[in-house]
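Please read the points beside the model.

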Amino acid sequence: MTTEHPAAEQQQLPGVRYRAETRQRLVPHTVNGKTKMVEEDYTAMVPVPPRDWDQVVTTAVTLAAAALVSIAVVWSVGSIGDLLTRAVYAPIAYLAAGAFVVAWVTCMALEWLARYDPARAAGPRTAGTVFLILDMAAVATHGWVEAALYVGLSGAAVSAVAKKMWTVVMRHQSRPLPARTQQWLLQEEAEIAARLALSARTRALARIEGQAAVYAPLPAPSAAEQDTALDTPGQLSPTVRSAVRAIRATVPDLSHDDVLDHLDTLGLAYDPDTVLAALGHEDNGQDTQDSRSGDTLPSIAPPGQTVTDSIRTALSSGVRDKDKVVSYVHKIHGTDVPRSTIVRTFNRELAS
């Protein structure tokens with residue numbers, strides 16, 4: 001069973017011409033109780049717009065101007081080429097003659113492309129006029145050499161007429177823009193041109209960087225130049241070392257714990273044990289301000305284990321109580337480790 005929908009009748013207006021056009025549409029089609037949408041051809045009457053005589057005339061004038069330019073090109077190449085054959089071979093002479101014509105024709109094309117920017121169009125217009133004068137002078141010289149100066153002047157006039165005709169056509173077709181709109185358009189073109197130039201230079205730099213990576217790789221930094229963000233146990237980074245020296249030089253009476261506070265204020269990553277060891281060495285073995293002596297045997301930490309390592313062990317074991325961590329560290333490293341140092345390291349490790 002097939003279900004078809006007839007084409008909708010179109011109402012035609014009087015005085016308007018129509019043309020028949022075949023189109024496709026989807027219609028439901030049922031076979032054995034199963035319906036699917038299938039394509040169906042139908043005829044539609046499309047109104048034909050009236051002929052745009054303004055566009056027809058504009059096209060005809062443009063073709064006429066192009067024909068005049070073509071005639072001027074042929075005449076100039078033939079005339080100047082025949083003049084130059086007196087000094088060089090004919091193929092070379094006619095190729096050189098084409099340079100006279102191509103120059104001012106190219107300038108006309110550039111002037112057309114810059115029609116919305118008078119400042120940019122002025123350069124091609126002036127250059128085109130100069131090249132046209134040279135072309136006309138060469139054509140007139142050929143007529144004078146052939147003892148037919150009037151012919152040379154007439155041929156030169158052909159180029160002048162063609163150039164003027166094309167200029168008139170360009171001015172007619174180019175729509176002048178208001179001053180503000182013209183400035184807006186120039187700024188928009190400048191922004192787009194800047195993006196294109198930046199994209200091109202970025203690709204060039206990427207290509208150069210790839211070549212440099214292959215043919216001129218950078219030397220590997222020496223051990224003295226390497227500087228890690230965090231101090232390793234027993235080794236103080238140059239950045240932190242310089243900061244510690246600057247703090248001690250500015251405020252000599254600061255305690256070791258206050259020095260660590262200043263490093264925190266500066267936002268430097270460091271290992272507290274390494275910094276405290278360096279400060280203790282500078283103080284010739286003196287204890288920190290928070291250190292205290294006792295009669296009992298001090299705790300001995302496992303070899304190579306720092307306060308930071310002990311805090312990390314406590315955190316990995318699930319201990320999150322600050323006091324328990326402080327007590328744990330004191331059991332391993334002794335009570336000489338300042339509580340503020342433990343708490344500061346605990347907070348940093350917990351946040352990381």
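**Note on pocket lining and core packing**

1. The model under review is predicted. In the lining of the second largest pocket, at least two residues each come from helix H2 (90–113), helix H3 (118–145) and helix H4 (149–173).

2. The space in this second largest pocket amounts to about 280 Å³. Its lining comprises 16 residues, and those nearest the pocket centre are Ala-114, Arg-115, Tyr-116, Arg-125 and Ser-174. Sorted by class, the lining holds eight nonpolar, three polar and five charged residues.

3. The largest nonpolar core consists of 11 residues, including Val-307, Ala-314, Val-326, Val-337 and Phe-346. Two or more of its residues are given by each of helix H9 (307–316), helix H10 (322–333) and H11. The most come from H9, which gives four residues to this core.

4. Ile-311 belongs to that largest core. Leaving aside residues up to four places away in sequence, Ile-311 touches Val-325, Val-329, Ile-342, Thr-345 and Phe-346. Another core, of 10 residues, lies apart from the largest one; among its members are Val-240, Val-244, Leu-260 and Leu-276.

5. Is Thr-341 buried or exposed? Thr-341 has 0% relative accessibility and therefore counts as buried, the cut-off being under 20%. This residue is found in helix H11 (residues 339–351). With residues up to four places away in sequence not counted, Thr-341 touches Asp-257, Leu-260, Pro-272 and Leu-276.

Terms used
Residues numbered from 1 in each chain as written. Predicted model: local features only at pLDDT ≥ 70, side-chain atom pairs only at ≥ 80, totals over all residues. Heavy atoms only, no water. 1 Å grid on protein atoms, 1.4 Å probe; cavity = no way out; pocket = protein on both sides within 12 Å on 5 of 7 lines; lining within 4 Å. Points joined across faces, edges and corners; volume = space filled by probe spheres on them. Nonpolar A, V, L, I, M, F, W, Y, C, P; charged D, E, K, R; others polar. Buried < 20%, exposed > 50% of the residue type's maximum accessible area, 1.4 Å probe, protein only. Contact = heavy atoms within 4.5 Å. Core = buried A, V, L, I, M, F, W, Y, C linked by side-chain atoms within 4.5 Å.
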